[in-house]
Amino acid sequence: MKFFDCNMSFGTSMIRPIRYAETAQNLLEEMDYCSIDEALVYHARQRDDSPVIGNDMLLNEIEAFNRLHGTLAILPLQTEELGTMETIVRKMKERNIRAFRAFPAEHRYLMTRTSLAPLYDLMVERNIPLFIDITQSCGGISGWHLVSTILSEVPDLTLVVTEHGPWGHDRYFRPLIEKHENLHLDTSRYELDGGITDFCKKYGAVKLLFGTGYPKWNPGGPKLTLAGADITTKERRKIASGNLERLLRRVKM
Amino acid sequence: MRVSQLTKEFMKEGRSESCPVIDMHAHLGPYQGIYFPNPTSEDMIRTMDRCGVKLAVSSSHASLIDTKANLEMAKVVKKYPDMFRAYWVINPNYPERTKDEVAHFSEMEGFVGFKFLSDYHKYPITSPRYEPALKYADEKGLLVLMHTWGNSPYDSPSLVEKLAEEYRNAKLLMGHSGYGEWEKAIQVGKDYPNVYLELCAAYTVNGVIEWMVKEAGSQKILFGTDLPWFDPHYGIGCVLFSRITDEDRHDILHRNAEKLIKPHLRTSAR
């Protein structure tokens, strides 16, 4: 079965993880050890530094590796740090980038339409998924409240929430899953016993994406959890790689 | 070889005949802040069978609130003696109960020791309110599973070290391995023969298992899942995909636990 990880990162970060991959090549070695075939990745500097620096570092690092697929970190276009909408689209086309990531806590912006309307419109028109981890916050709101706010403002956005945490998040995210067709979750911290099985019975397998959250989290956990979940082979394949491939395939660049 | 035989077996079968897992940190029943698909003892047994877990040592969630509910676990152990053992929860908010509970402990079959949840009960593990249980555990060589968390004023690794200085015969299990304060937790686990690092939740942190094995040794590490919280496959997967040997994995997943609970088994474990 092919594993396509939607949530991996590499590069030197401000806070050193216990184990990490400094370069794209190092990340591939880690993926080989865990039998992970492909990954959607970001560079630690996209989060810990200005995206102006980090986005280019990512693109340069992964250029030679077709198993690694990049995501661009976003900023409000008003400051023009990332250039114009045209330059962003051109870069995405040239470098085959099909996903965005948001780090509003580190980069200090609001995830409202007032701040991000042109980018949100681009994402909706071209089916570009936006990835955000659940620890993010902005403007005094965080977690599922932030996710709910984003989707209230941009209901057609394809949003992938990563690392939702093990301490009982189903009561938070299930109402949102039922309301928002394009909301997806990664499985990096879906540790709940019977969680994936129960979720698939109720909602099907299309809204879950295999993710590990490397380097912060141990990839072995989500791997064996998915391999051993009491779901059909078809559902397992969708989560392991099919759903992410479908999301990336439907991006119109 | 990159992927071990044990890892291949678990990935293919979901379990291993040669490596039957013992879960040293489990619970039972519904709880306040979380939805459980599988909260009953029967649900848990189904999960354990699916993942190759042969025995779970549990404290019921209800007993974390009201210690009278410890008797629930006695019933579960009596009903499923091959699958469960139990910890008796001590709640320091009700110290008048503790003396009586300790006095009657030996009559309660299936209990291998005590469980402390100090971060939630809001008394430090060094509080005199825990002394009757600790003294009894020390006298009898019982297990004491403590919820431990990094830099906690109630149950940090440094506080475990204080207990380890005083109680040399009780087996002190650092639940969650003092999550976050890894260096201190590993040092305490290494320095005190009767202190063990228990992996529940800690296993998620990438690289921490390798660090523990390298510094404290695989014989000081125990496996636990908080079941019905966490799918045992998640924790087992973290152990399997860490850069340690299959011998280390056997130590962590069952051998160390077998040594610890064997003296306390009144009924045979499967």
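**View 1. A pair of strands in chain A, with A:Asp5 opposite A:Ala39 in β2(A).** In this predicted model, local features need pLDDT of at least 70 and side-chain atom pairs count only at pLDDT 80 or more, while totals for chains, interfaces and linings use all residues. Residues are numbered from 1 along each chain as its sequence is written, and chains are lettered from A and ligands numbered from 1 in the order in which they are written. β1(A) and strand β2 (residues 38-43) of chain A pair in the parallel sense over 5 bridges, where two strands pair if DSSP finds at least two bridges between them. Helices (H or I, at least four residues) and strands (E, at least two) are DSSP runs, numbered from the N terminus.

**View 2. The open sheet of chain A and the helices on it.** The sheet has 3 strands in the order β1-β2-β3 (chain A), with parallel pairing. Because β1 (4-10) and β3 (68-70) of chain A stand at the edges and have a single partner strand each, one side of each is left without a neighbour in the sheet. On average, and with direction ignored, neighbouring strands of this sheet are turned by 35° against each other. Helix α3 (residues 51-62) of chain A lies across β2 and β3 of chain A and runs at about 145° to β2(A), whereas helix α11 (residues 233-249) of chain A packs on the sheet by touching β1 and β2 of chain A, with its direction at about 85° to that of β1(A). Angles run from 0 to 180 degrees between N-to-C directions, and axes are lines fitted to C-alpha atoms, for helices over the stretch in contact.

**View 3. The side of chain A that touches chain B.** The contact takes 32 residues from chain A and 34 residues from chain B, two residues being in contact if their C-beta atoms, placed from the backbone, lie within 7 Å. Elements that give two or more residues to this side of chain A are α1 (24-33), α8 (170-179), α9 (195-203) and α10 (220-228), and the largest share, 7 residues, comes from α10(A). By class, this side has 13 nonpolar, 9 polar and 10 charged residues; Ala, Val, Leu, Ile, Met, Phe, Trp, Tyr, Cys and Pro count as nonpolar, Asp, Glu, Lys and Arg as charged, and the others, Gly among them, as polar.

**View 4. The packing of α10(A) and α11(B).** α10(A) and helix α11 (residues 232-240) of chain B pack with their axes 7 Å apart and at an angle of about 130°, which makes α10(A) oblique to α11(B) (angles under 35 degrees count as roughly parallel, over 145 as roughly antiparallel, 65 to 115 as roughly perpendicular and the rest as oblique). Residues that meet include A:Lys223 and A:Leu224 in α10(A), and B:Tyr234 and B:Ile236 in α11(B). The residues of this contact divide into 5 nonpolar, 7 polar and 1 charged.

**View 5. The edge strand β1(B) and its partner.** In chain B, 8 strands form an open sheet in the order β1-β2-β3-β4-β5-β6-β7-β8, with parallel pairing. β1(B) and strand β2 (residues 53-58) of chain B pair in the parallel sense over 4 bridges, and B:Val21 stands opposite B:Val53 in β2(B). Because 6 of the 6 residues of β1(B) are buried, this strand is largely enclosed by the rest of the structure; a residue is buried if 20 or more other C-beta atoms, placed from the backbone, lie within 10 Å of its own.

Key:
A residue is buried if 20 or more other C-beta atoms lie within 10 Å of its own, exposed if 12 or fewer, and partly exposed in between; C-beta atoms are placed from the backbone.
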